[in-house]
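This report goes through a structure by its strands, helices and chain contacts. The sequence and the structure come first.

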Number of protein chains: 2
Amino acid sequence: MSILVVGSVALDTVSTPFGEGREVLGGSATHFSVSASFWAKVRLVAVVGEDFTDAHRRPLVEHGVDLAGLSVAEGRTFRWVGKYGYDLNVANTIDTQLGVFGDFKPVVPAAWRDTPVLFLANIDPELQEDVLEQVRPKLVAADTMNYWIDSKPEALKRLLARVDVVLMNDAEVRQLTKEPNLVRAATTIRSWGPSMVVVKRGEHGVLVFAEDSAFALPGFPLEQVLDPTGAGDAFAGGFLGYLAAQGAASPLDARRAAVVGSVMASFQVEAFSLDRLDRLTAPEIRERYERFRELTAFEPLP
Amino acid sequence: MSILVVGSVALDTVSTPFGEGREVLGGSATHFSVSASFWAKVRLVAVVGEDFTDAHRRPLVEHGVDLAGLSVAEGRTFRWVGKYGYDLNVANTIDTQLGVFGDFKPVVPAAWRDTPVLFLANIDPELQEDVLEQVRPKLVAADTMNYWIDSKPEALKRLLARVDVVLMNDAEVRQLTKEPNLVRAATTIRSWGPSMVVVKRGEHGVLVFAEDSAFALPGFPLEQVLDPTGAGDAFAGGFLGYLAAQGAASPLDARRAAVVGSVMASFQVEAFSLDRLDRLTAPEIRERYERFRELTAFEPLP
């Protein structure tokens with residue numbers, strides 16, 4: 001099954017205690033697409049400026065991402081400047097230049113309207129709703145962020161009523177529901193529409209709430225984390241990529257999908273921009289999946 | 001196998017957004033003992049003041065904790081006053097009155113010197129060393145806190161050289177090693193002596209580093225957390241209680257032990273003081289262990 005993703009393509013300037021990336025390829029749709037491309041055919045809808053070169057396109061093209069929905073508008077590509085301290089869970093935004101992304105009105109190519117899996121990456125929830133009007137997917141997943149929870153909570157709740165899977169980080173889940181307890185917060189969000197709530201917890205892993213079952217996976221303990229940018233989108237790419245590849249989304253599939261997402265995110269943070277995913281291989285993915293099994297395995301009580 | 005614990009017995013006044021406990025039984029050795037008592041015979045060395053009544057002793061006595069090492073000194077029992085906000089991971093100390101605990105010089109009863117498992121709960125590392133001089137255990141585990149890492153790092157490192165298992169929270173591990181990465185920090189600590197490093201991460205679970213293997217367990221997602229006080233000590237009680245019951249500490253045993261510790265901690269936080277452990281039953285423990293298996297289980301990739 002193919003996946004359609006709508007989100008941002010950006011040029012990021014990121015510094016962490018371990019290095020810096022200047023004007024490197026970033027954006028939610030970029031990270032999602034490259035990650036998902038290891039599992040499924042990806043179709044990307046986004047906008048870039050006239051300064052977006054073939055060199056910028058290369059990683060997406062090489063991973064087979066279909067760019068027929070990537071429009072080029074007059075102006076500059078979205079730029080984000082961010083900095084992380086030793087607590088790599090916290091991104092500090094230094095500068096945001098929306099450029100052409102400020103006027104982004106996503107248009108899904110007619111031939112893509114029946115793409116079975118849709119990922120609405122983190123953009124204005126009103127635009128996410130617009131996209132939903134244009135398509136007939138079998139499975140819809142959405143991400144969001146604190147900015148939209150603050151500024152457009154009603155649009156976000158309307159969107160959630162039409163979404164199957166919502167992926168958010170733990171702070172966003174608490175903020176949206178005004179409920180500090182994650183179990184109760186997830187129950188509240190599920191009462192608004194999504195049958196599945198995926199709570200991303202950075203280095204602490206992920207929680208998946210679906211029907212009566214909860215699944216928890218710790219983060220992979222890495223010796224080297226260079227840049228956490230894109231980890232959440234790489235997770236989403238692996239998660240939905242796996243579900244698209246299976247053509248199913250049972251709670252059992254969702255567990256494997258959450259592990260696959262965590263595998264992809266664990267590679268994503270090992271280098272800046274797309275550097276690690278760019279040279280990632282299928283055997284490496286399978287091997288880290290197995291290492292997740294070793295990491296978390298324990299026997300019943302005697 | 002029996003376990004000897006040396007630590008504090010206190011009267012706590014704790015408030016959380018969900019309630020308050022006034023002058024309730026607390027202290028590291030108390031929480032550890034009651035938790036471990038579900039698995040092994042526990043011998044407690046601590047000091048209390050003349051204000052420590054039979055009513056205070058009751059939960060310890062009822063759980064079969066041997067109090068022959070609990071000395072009564074002239075003065076008042078150690079008191080701690082603490083407050084938690086909605087982020088239950090952070091305890092704010094409002095007041096500490098050391099009382100008789102300020103002059104605590106642990107003396108291990110002669111008959112207890114060959115107790116096979118020793119837990120040195122969080123006290124002055126120089127006192128922890130004193131205890132080690134008095135005993136001949138097969139397995140030694142120790143806890144500590146930021147205060148001792150700051151004030152007595154050399155004594156603490158001397159102690160660690162003689163310890164098999166160290167249990168600390170993630171912030172303490174980073175503080176002690178000045179290394180933000182937990183994998184590398186654990187390797188550093190293991191190079192100082194302990195063969196096993198157990199990193200407690202509150203609601204995010206636990207990491208166990210031993211030989212070449214790492215084990216990660218997420219926290220149990222609870223709908224109701226009333227008071228996190230004592231969670232770390234209840235974890236240690238379950239962890240060492242299980243190892244004592246098995247009479248073994250292989251990496252495989254340590255994995256089960258970490259789950260048992262997490263089970264005990266998950267019950268501990270469901271009520272104030274010892275209220276939940278006081279009415280806990282063996283079938284409830286087994287059932288939650290099984291729920292941990294359901295929570296974390298996933299299949300290999302197809």
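## Helices on the sheet of chain A

Helix H6 (residues 170–177) of chain A lies across strand E10 (165–169) and strand E11 (196–200) of chain A, and runs at about 105° to E10(A). Helix H7 (residues 182–191) of chain A packs on the sheet as well, where H7 touches E10, E11 and strand E12 (206–210) of chain A. The direction of H7(A) makes about 140° with that of E11(A).

Helices (H or I, at least four residues) and strands (E, at least two) are DSSP runs numbered from the N terminus. Axes are lines fitted to C-alpha atoms, for helices over the stretch in contact, and angles run from 0 to 180 degrees between N-to-C directions. Residues are in contact if their C-beta atoms, placed from the backbone, lie within 7 Å.

## Basis of the model

The model is predicted: local features need pLDDT of at least 70, side-chain atom pairs count only at pLDDT 80 or more, and totals for chains, interfaces and linings use all residues. Residues are numbered from 1 along each chain as its sequence is written, while chains are lettered from A and ligands numbered from 1 in the order in which they are written.

## The sheet of chain A

Nine strands of chain A form an open, mixed sheet in the order E5-E4-E1-E8-E9-E10-E11-E12-E13, two strands counting as paired if DSSP finds at least two bridges between them. Strand E5 (66–72) and strand E13 (213–217) of chain A each have a single partner strand, so one side of each is left without a neighbour in the sheet. On average, neighbouring strands are turned by 15° against each other, direction ignored.

E5(A) runs parallel to strand E4 (residues 41–48) of chain A, joined by five bridges. In this pair, A:Val48 stands opposite A:Val72.

## Contact between the chains

Between the chains, 31 residues of chain A are in contact with 31 residues of chain B. On the chain A side, H7, E13, helix H9 (251–268) and helix H11 (282–296) each supply at least two residues; H11(A) gives the largest share, five residues.

## Strand E8 of chain B

In strand E8 (residues 117–120) of chain B, B:Val117 and B:Phe119 on one side and B:Leu118 and B:Leu120 on the other are all buried (20 or more other C-beta atoms within 10 Å of the residue's own, C-beta atoms being placed from the backbone).

Four bridges join E8(B) in parallel to strand E1 (residues 2–6) of chain B, with B:Ile3 opposite B:Val117.

Conventions. Two residues are in contact if their C-beta atoms, placed from the backbone, lie within 7 Å. A residue is buried if 20 or more other C-beta atoms lie within 10 Å of its own, exposed if 12 or fewer, and partly exposed in between; C-beta atoms are placed from the backbone.
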